[in-house]
Each structure stands twice: as C-alpha cells, then as structure tokens.
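Biologist: I am new to this structure and would like to go through it slowly. Could we look at it together, one question at a time?

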Amino acid sequence: MDLLNTLVDKGLRRELPTREEALAVLATSDDDLLDVVAAAGKVRRHWFGRRVKLNYLVNLKSGLCPEDCSYCSQRLGSTAGILKYTWLKPDQASEAAAAGLAGGAKRVCLVASGRGPTDRDVDRVSETIKAIKDQNEGVEVCACLGLLSDGQAERLREAGADAYNHNLNTSESTYGDITTTHTYADRVDTVRKAHAAGLSACSGLIAGMGESDEDLVDVVYSLRELDPDSVPVNFLIPFEGTPLGKEWNLTPQRCLRILAMVRFVCPDVEVRIAGGREVHLRTMQPLALHLANSIFLGDYLTSEGQAGKADLEMIADAGFEVEGTDQVTLPEHRATAGAGCGSHASAGCGSQESAGCGSQDSAGCGSHEGGGVCGTAAAAPAGEPRTDLVAVRRRGAGTDLAPNA
C-alpha cells in the first residue's frame, strides 16, 4: 500500500505526515489492519527497538475533585463507587511505589486529583519524591497534579521530579463539550510550564469519547506541536456514574488504528498505552506492543488493571523485552538534548484522570476476579459493551491490601 510505504519513510525521517495521510490510517479496513500494524511497527522498532518501558501509578489523593471532566470517576458529581482518601504520607507513597518498581517499572507516576496543587501540596509531593528516590536508585518520577501555577514546575524539578504529565485529552474544538471548569488553553499552558522548567513533558489523549476522526488527528497534531517526550493514549472506559458512562465506541481494531496513527505522527516519542487497554484491546494487546513502546504495570488510579505478572508474560511472549533502568528510553537526538530520564531539554508520563498521568483511569480496566482479560467470565457477544471488564480499584494505595504489580 503506497500510503503505508510513504508513512514509514516519513517516520524514519521524523517528517510530519499530512493530515490526509493521518486520516487515511484511521479509515483503513480490517482487511488492511495487519499491514498497518506492520508498517507502524517498523517505525517503532527503528526508534525504540523491542524495548517496553514499564510505568507504575500511585494515586496520592483520590476522589472529591472540583472539576467536571466528563470522563473522570473523581469528577464533581460522580456517583462512581471509587476509593476516596486524602493525601498519602511520603512513606506510604514510597511503599506503594516499591511494589511497582519490584515488578520492573522504571518510572513512578505520582498523581493527585484536583484542579491543581497548592504550594503546600507541592511541598508534600516534593517530600514524597525525595522518599522514593532515596530508596530507589535510578528511578524516574513523574508528577501529575493538575494545572500548575507560576513557579511550581520549577519547585518540582528542584525536588527531583524528572517529568510532569498533563493530557490535552481531546481536540480544542470539542474540549468545551467534555469539561467546563477549565479550558483547553489552561492545559496547554501547564504543559508549556513543565517544558520551561526543564521537566520532561508528558501529554496525551483519550479516545472513545464520541469524537470524530478529525478530532483525533487534531489533538495528535497539537501534541506534536507541543513536542512532549511521551504521549499516553487512553481508551475511554465508560464508568458507571459519569456522564460518559454509556459511551462504548471502541473496538480492538479501532484502538490499533489510533495507536498506529499516533506512532506515524509522533515517530520518535514514547507512545504509552494507558488506561483502557484491557477493556478495549483485550486479547489484541500484544499487537499493540508493535505500535507503542510503553505501558502501565498493574492497576490504575481508581480502576483495576491486568495482573502485573500477566503484563510481563505478555511482553515476553510477544518477543519484546522490559526496558531496564540503565537504558535510555528516547532516541539519542532527544535524550542528549536536555535533562534527565532520556528527554529533551524542555521536556513525560501519563494517566487520564482529572489531572491525568497518562492513563485515563477515570474508568476502570482490568482483570478483577472473574472479569475478562485474566478472569473467567464468558466473553460478551461481538460488539457488545464489555462492562464485565470495568472494575473499581479496591487494593493498593489508600487501602490495607497489597497493590497489584
């Protein structure tokens, strides 16, 4: 297919595809899907080999958010039965992070619900960053705290943070349909603040909220312009009790096309499969590793994920390898351009939630008992919503139960 040959050539040269080419990827047929995956896989392997970076989320403060993001289980007015708790202490957060690091994660993403941090909140997170780094040599830490005020990104950088996540989520033209308590421009401003402070910027999107192909291309092109080091791709999990709880618009094939389009537009950037992969990719997850070079290990913010052991087995069975702490994630031209964790100078992490850290997670995912990917429940008929795969997190941070890593 001439389109795919053109996109591979452009990806190897870091040349931006045309909008028409990006839209054409999303419009390919199921008969062409494996060809699309193979083509984008060439670009992924050129820049990242067969390495898969593992990231681990710690939800520092859950629920009770004043923002009204329609996708989020922690939003104002949400009736989702999620865990609700205030700030974890630094030693509690460090203990939670240790489980993921023991499972092979090289980055810890510290996430807190809310519009944005107060200066006291930045102090709390700074203490937590120090606690984690004191106990784990070589670990990367990404903060994800919402909208930043002037000077806060610099303070986080001074405290040892390597990255900051804040997702654009959707196109500028549709943003007001998803959230009204802050603007698209607010989010762009926070990503730029992270860049300016020398943090590795991480910013991504959520697919499946009813957006058009044009909206998906718009947000990915906006991300390319912002130039984050990592782009988390979330697939909406319709969480009961949220405004988007009835939006089941994705198939595994659609998810693979979206990931391929992101890889072609952002060829040398860490593309992370974030919230929703277990729910929407399901048994096609191994194919997605040919497109993305990063995933979250274990559970998400308010939802359960696939068992960490199953993640590691999937990576190995698909012929990939877990990226070590001694390996630099990004290609040399980006990694040598600036600060730590293999990022360029102004430079990610990523879970959707109200603040995001690359994994949507406002909606769950997972392999809870009897629940789908690693469970024993019977599969739903083709095209039916897989509500059996949506599980609220009941373990790990904020509980007395061991986390899933």
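Modeller: Contact here means heavy atoms within 4.5 Å, and helices (H or I, at least four residues) and strands (E, at least two) are DSSP runs numbered from the N terminus. This is a predicted model, in which local features need pLDDT of at least 70, side-chain atom pairs count only at pLDDT 80 or more, and totals for chains, interfaces and linings use all residues. Residues are numbered from 1 along each chain as its sequence is written, and side-chain values use heavy atoms, with hydrogens and water left out.

Biologist: Which residues in H5 do Pro90, Ala93, Ser94 and Ala97 in H4 meet?

Modeller: Helix H4 covers residues 90–102 and helix H5 covers residues 119–135. From the H4 side, Pro90, Ala93, Ser94 and Ala97 meet Glu127, Thr128, Ala131, Ile132 and Gln135.

Biologist: How many residues apart in sequence are the parts that Lys53 and Glu140 tie together?

Modeller: Lys53 and Glu140 form a salt bridge (a side-chain nitrogen of Lys or Arg within 4 Å of a carboxyl oxygen of Asp or Glu), with their closest N and O atoms 2.8 Å apart. Because Lys53 lies in strand E1 and Glu140 in strand E3, the pair ties together parts whose separation in sequence is 87 residues.

Note on methods. Axes fitted to C-alpha atoms, helices over the stretch in contact; angles between N-to-C directions.
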